[in-house]
Amino acid sequence: CSCLQMTVENLKAENDQLKTGGPSTSTSQSSGLPDLFSSAARYNKYDGEPFNHSTALVLVQQEVKQQDFFIGTVRVNGRMDWPMLDSAVGQAFKVYIAKVDPTSSLGLTTDSVYSYSMNHIRRVLGGELPESQPSRCVSKGPSSITVTLKGLKEKCVDSLVFETLIPKPMTQHYISLLLKHRRLIMSGPSGTGKTYLTSRLAEYLVDRSGRDLNDGIVVTFNMHRQSCKDLQLCLSNLANQIDRETSTAEIPLVVILDDIHDATSISELVNGALTCKYHKCPYIIGTTNQPVKMTPNHGLHLSFRMVTFSNNVEPANGFLVRYLHRKLMEAEDERSLANEDLLRVLDWVPKLWYHLHTFLEKHSTSDFLIGPCFFLSCPVTVEEFRPWFIDLWNLSIIPYLQEGAKDGIKVHGQKAVWEDPVEWVRGTLPWPSAQQDQAKLFHLPPPSMTSGGQGQPSEASARPLNKETPPSSMDTLDPLMAMLLKLQEAANCIESPDRETMDPSLPTF
């Protein structure tokens, strides 16, 4: 696991700081957060007597995804007992959550920790103490402490909240709707995380059922690529199979309907095709970018429950801050955590996103709103961020805003006084010596302008994405980039770029 590959130099530096009682550079001084390492250092000396100690990385393990998240480092010494280590691990988790979730929206606390393990010795908080002392459970070199959060077995959703970065009350609400009504549609703009959340909810339902997550237990239909007839045939066959068999072991538990264009017709189709008993029907989770209007006699109201995502409220409006702060922690670079220039850049990105969202609300239609997932490929070093953002702005954002503004003029006419968004961006660029880069950012002319002046995205300057585009600007996620590419293909008759250059470590939204 990459989380275990912290350099020996970093560990030695931490050892020296802790031995001398000096301050650690592992936390941001500008954040005002408590210093994890100084709290851990309390255990380094008793009665003035030095003794051996070892560094342990603290990782949160997500069992379903087979993934570990690095959250911090603690010190284990010969005088430390289990309650002391409980406190140190809890403090590491507390500091991590404070960094990742500065608005305390997730609802995760030290009570979210269920257990932790060191070299096959497992400690359940509040349970019986292991026979061996903590110091005997760590090796002489760098060790790891693997933390498990409360989850399905404890009738909690803390583990799912930690992974998805979606506040606990909302996560509980989504699961409650599914368990009670079995049918749910998530509505909202592209790039707000609907598709990713849908897949995680499906995995949760499978885990809850006690069945294995195999290829056939979750069936996904992309309604942009597959027809309603295909879906109707599949659901009808599924209903017949359920009626014929007493065992449901081979029957899909969850059906995902991604990218629904007409929620009303889909609701009618599902009601007509799934004629089997309601409690035996699979869970059905749909996503749509189109707003769904509810009426008292609406068929959707009778079968599906609705969850509306908006860039103005949680979980979308706080997700980008949490995601980028976690990404910084995952870099495991202690110097980056204290780099004020980098922290300033990462805190600027959500402000930029919301500025663009507000621009599109004024000048475009609901089809062209921009979700936070557009910026998930943001690098976590200032050196990499600068060229990444310039490419993203000129090659992706400006063409998207252009098409959005044109669409707004066609549908609504001139809705508001025109303000070129590049002016706000140029005035707030967060990296040092940014003045030299201001002129590199393209202007956005009003939709009525047909020719671009200097610095404007004319046909020559606003180049479409192509196969020679730097990978940094191609690391943008579906479905927003897919929509952008289609628009550019139609306007410029270009080939679709090779999507295999996308960063495979990022979740698909």
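Modeller: A salt bridge here is a side-chain nitrogen of Lys or Arg within 4 Å of a carboxyl oxygen of Asp or Glu. This is a predicted model, in which local features need pLDDT of at least 70, side-chain atom pairs count only at pLDDT 80 or more, and totals for chains, interfaces and linings use all residues. Residues are numbered from 1 along each chain as its sequence is written, and side-chain values use heavy atoms, with hydrogens and water left out.

Colleague: Which residues are linked with Arg200 in a network of salt bridges?

Modeller: Arginine 200 pairs with glutamate 203, their closest N and O atoms being 2.3 Å apart. Both residues lie in helix H6 (residues 194-209), three residues apart, about one turn of the helix; helices (H or I, at least four residues) and strands (E, at least two) are DSSP runs, numbered from the N terminus. An α-helix has 3.6 residues a turn, so residues three or four places apart point the same way. The network that contains Arg200 also includes Glu163 and Glu203.

Colleague: Which secondary-structure elements hold arginine 123 and aspartate 86?

Modeller: A salt bridge joins arginine 123 to aspartate 86, with 2.7 Å between the closest N and O atoms. The pair links distant parts of the chain, 37 residues apart. Arginine 123 is in strand S4 (residues 121-124), and aspartate 86 is in helix H3 (residues 82-100).

Colleague: Is lysine 168 buried or exposed?

Modeller: Lysine 168 forms a salt bridge with aspartate 158, at 3.0 Å between the closest N and O atoms. This pair connects helix H4 (residues 158-164), which holds aspartate 158, to helix H5 (residues 168-181), which holds lysine 168. Buried means under 20% relative accessible area, exposed over 50%, and partly exposed in between (1.4 Å probe, protein chains only). Because its relative accessibility is 18%, lysine 168 counts as buried.

Colleague: Which side chain of opposite charge is nearest to aspartate 407?

Modeller: Aspartate 407 lies in helix H13 (residues 382-412) and touches Thr365 and Phe368, not counting residues up to four places away in sequence; contact means heavy atoms within 4.5 Å. Lys and Arg count as positive and Asp and Glu as negative, while His and the chain ends are not counted. Aspartate 407 is buried yet has no salt bridge. At 5.9 Å, the nearest side chain of opposite charge is lysine 410.
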